[in-house]
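Trainee: I have a structure open and I'd like to learn how to read it. Can we go through some features together?

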Amino acid sequence: MLFYDFEVFAYDWLVVVMDMGEKKIHVIINSPKELEALYQAKKNEIWCGFNSRHYDQYILKAILCGLSPKKINDYIIVKGKPGWKFAPTMFRSIPLLNYDVMLGTDRGLKSFEGFMGNNIKETSVPFDIGRPLTDAEIAETVKYCKHDVEQTIQVFLR
């Protein structure tokens, strides 16, 4: 079982994948080839995320299809459209055993963090930056993303 979360910016994207079976953390930054290799090695496993049914799985599939993660991000977040409509035929060609930890009635991961008595971690890096991220901003985003994946695992276990 894998737990994953994507962060997408105008010029950068990253994903943190925690492999529970191998007890390994994968951090992939702007590398479709690395993501493709991980996907091919783990495509028969369950990929778990928080709100992954509506967001992360489509970012993953877009990158694997050679599409812009920023365009699908904006399609989902800014336009409020369902991710599957962005490229339905292409997305159907990418099998993914996706499990979404979020229920339809949940208020969000940050609410669960608070309910569990954990620190609520927000990123200091704005998602609307119109330039490539600095090394420091990427490091901060990786830290934030890892935290979100760890919290998703805690919600799943509880």
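Predicted model: local features only at pLDDT ≥ 70, side-chain atom pairs only at ≥ 80, totals over all residues.

Trainee: Okay, salt bridges to begin with. What is the idea, and how many salt bridges are there here?

Mentor: The general idea is that side chains of opposite charge can pair when their charged atoms come close. In this model the count comes to six salt bridges. Take Lys 42 and Asp 19: their side chains meet in one, with N to O at 2.8 Å. This pair links distant parts of the chain, since Lys 42 is in helix 1 (residues 32–42) and Asp 19 is in strand 2 (residues 13–19), 23 residues apart.

Trainee: Are Lys 42 and Asp 19 buried or exposed?

Mentor: Both Lys 42 and Asp 19 are buried. For Lys 42 the relative accessibility is 8%, and buried means under 20%.

Trainee: Which other salt bridge does Lys 42 make?

Mentor: The Lys 42 side chain also meets that of Glu 22, at 2.7 Å from N to O. Glu 22 sits in the loop between strand 2 and strand 3 (24–29) while Lys 42 lies in helix 1, so this pair ties together parts that are 20 residues apart in sequence. Glu 22 has a relative accessible area of 48%, which makes it partly exposed.

Trainee: And where is Arg 53, the partner of Asp 100?

Mentor: Arg 53 is in the loop between strand 4 (46–49) and helix 2 (56–64), and Asp 100 is in strand 5, 47 residues away. In their salt bridge the closest N and O atoms are 3.9 Å apart. Arg 53 counts as partly exposed at 37% relative accessibility, whereas Asp 100 is buried at 6%. Elsewhere, salt bridges that share partners join Asp 19, Glu 22, Lys 42 and Glu 45 into one network.

Trainee: Next, the helix pair. At what angle do helix 2 and helix 3 cross?

Mentor: For a helix pair, check the distance between the axes, then the angle, then the handedness. The axes of helix 2 and helix 3 (residues 69–77) come within 9 Å and cross at roughly 150°. Angles over 145 degrees count as roughly antiparallel, so that is how helix 2 and helix 3 run relative to each other. The crossing of helix 2 and helix 3 is right-handed.

Trainee: Last one: backbone angles. What is the phi of Asn 30?

Mentor: As a rule, most residues other than glycine have a negative phi. Asn 30 has a positive phi of about 55°, although it is not a glycine. Asn 30 lies in the loop between strand 3 and helix 1 and is partly exposed at 31% relative accessibility.

Trainee: What about Asn 51, where is its place?

Mentor: Asn 51 is in the loop between strand 4 and helix 2. Its phi is positive too, near 70°. With a relative accessible area of 25%, Asn 51 is partly exposed.

Definitions and conventions. Residues numbered from 1 in each chain as written. Heavy atoms only, no water. Salt bridge = Lys/Arg side-chain N within 4 Å of Asp/Glu carboxyl O. Helix = DSSP H or I, 4+ residues; strand = E, 2+ residues; numbered from the N terminus. Buried < 20%, exposed > 50% of the residue type's maximum accessible area, 1.4 Å probe, protein only. Axes fitted to C-alpha atoms, helices over the stretch in contact; angles between N-to-C directions. Parallel < 35°, antiparallel > 145°, perpendicular 65-115°, else oblique. Left-handed = near helix turned anticlockwise from the far one by under 90°.
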